[in-house]
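Please look over the model shown here. The report that follows covers its charged pairs, its rings and its helix packing.

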Amino acid sequence: PKQCQLAFQLRFFENRRRKDIAARMGISERTVEKHLAKALLRVAAEVEADGEPSRRAPETGGERRHGK
């Protein structure tokens with residue numbers, strides 16, 4: 001979690017690129033992506049736990065049913 005937190009802070013508070021984060025942390029860009037994904041999931045879970053609705057993109061696909 002510490003690495004996830006650091007990657008998240010560097011990306012979203014310091015606006016660093018994944019390449020820069022990877023170099024600073026001594027890990028691959030792919031690992032940075034994984035840390036960011038974990039961190040974002042955790043943030044989303046915390047927001048939902050606080051009673052706030054998730055801001056997920058609307059699901060698409062499938063047919064829409066029209067009432068007749």
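## Salt bridges and exposure

Arg-24 is exposed, because its relative accessible area is 54%. Exposed means over 50% relative accessible area, buried under 20%, and partly exposed in between, with a 1.4 Å probe and protein chains only. This is a predicted model: local features need pLDDT of at least 70, side-chain atom pairs count only at pLDDT 80 or more, and totals for chains, interfaces and linings use all residues. Residues are numbered from 1 along each chain as its sequence is written, and side-chain values use heavy atoms, with hydrogens and water left out.

Side chains of opposite charge can pair when their charged atoms come close. A salt bridge here is a side-chain nitrogen of Lys or Arg within 4 Å of a carboxyl oxygen of Asp or Glu. The count comes to 5 salt bridges.

| Pair | Closest N and O atoms |
|---|---|
| Arg-17 and Asp-20 | 3.5 Å |
| Arg-18 and Glu-33 | 3.4 Å |

Arg-18 in helix H2 and Glu-33 in helix H3 are 15 residues apart, so their pair links distant parts of the chain. Helices are DSSP runs (H or I, at least four residues), numbered from the N terminus. Arg-18 is partly exposed at 39% relative accessible area. Glu-33 is partly exposed too, at 31%. Arg-17 is exposed at 52%, while Asp-20 is partly exposed at 34%. Glu-14 has 41% relative accessibility, so it counts as partly exposed. Glu-14, Arg-16 and Arg-24 are linked in a network of salt bridges.

Which residues of H2 are buried? In this helix (residues 18–25), they are Ile-21, Ala-22 and Met-25. They lie on the same side of H2, because they cover an arc of only 100° around the axis. That arc is taken from the directions from the helix axis to the C-beta atoms. The other side of H2 has Lys-19, Ala-23 and Arg-24 exposed. The buried residues of H2 pack against helix H1 (2–13) and H3. Just after H2, Gly-26 has a positive phi of about 70°.

His-35 lies in helix H3. It is buried, because its relative accessible area is 11%. Not counting residues up to four places away in sequence, His-35 touches Gln-3, Cys-4, Ala-7 and Ile-27. Contact means heavy atoms within 4.5 Å.

## Phenylalanine cluster

Rings of Phe, Tyr and Trp (its six-membered ring) pair if their centres lie within 6.5 Å; planes under 30 degrees apart count as stacked, over 60 as edge-to-face and the rest as tilted. The count comes to 2 aromatic pairs. Phe-8 and Phe-12 form a tilted pair, 4.9 Å centre to centre with 45° between the planes. Both lie in helix H1, 4 residues apart, about one turn of the helix. Phe-8 and Phe-13 form an edge-to-face pair, at 6.0 Å and 70°.

Phe-8 is buried at 17% relative accessibility. Phe-12 is partly exposed at 44%, and Phe-13 is exposed at 62%.

Notes: Helix = DSSP H or I, 4+ residues; strand = E, 2+ residues; numbered from the N terminus.
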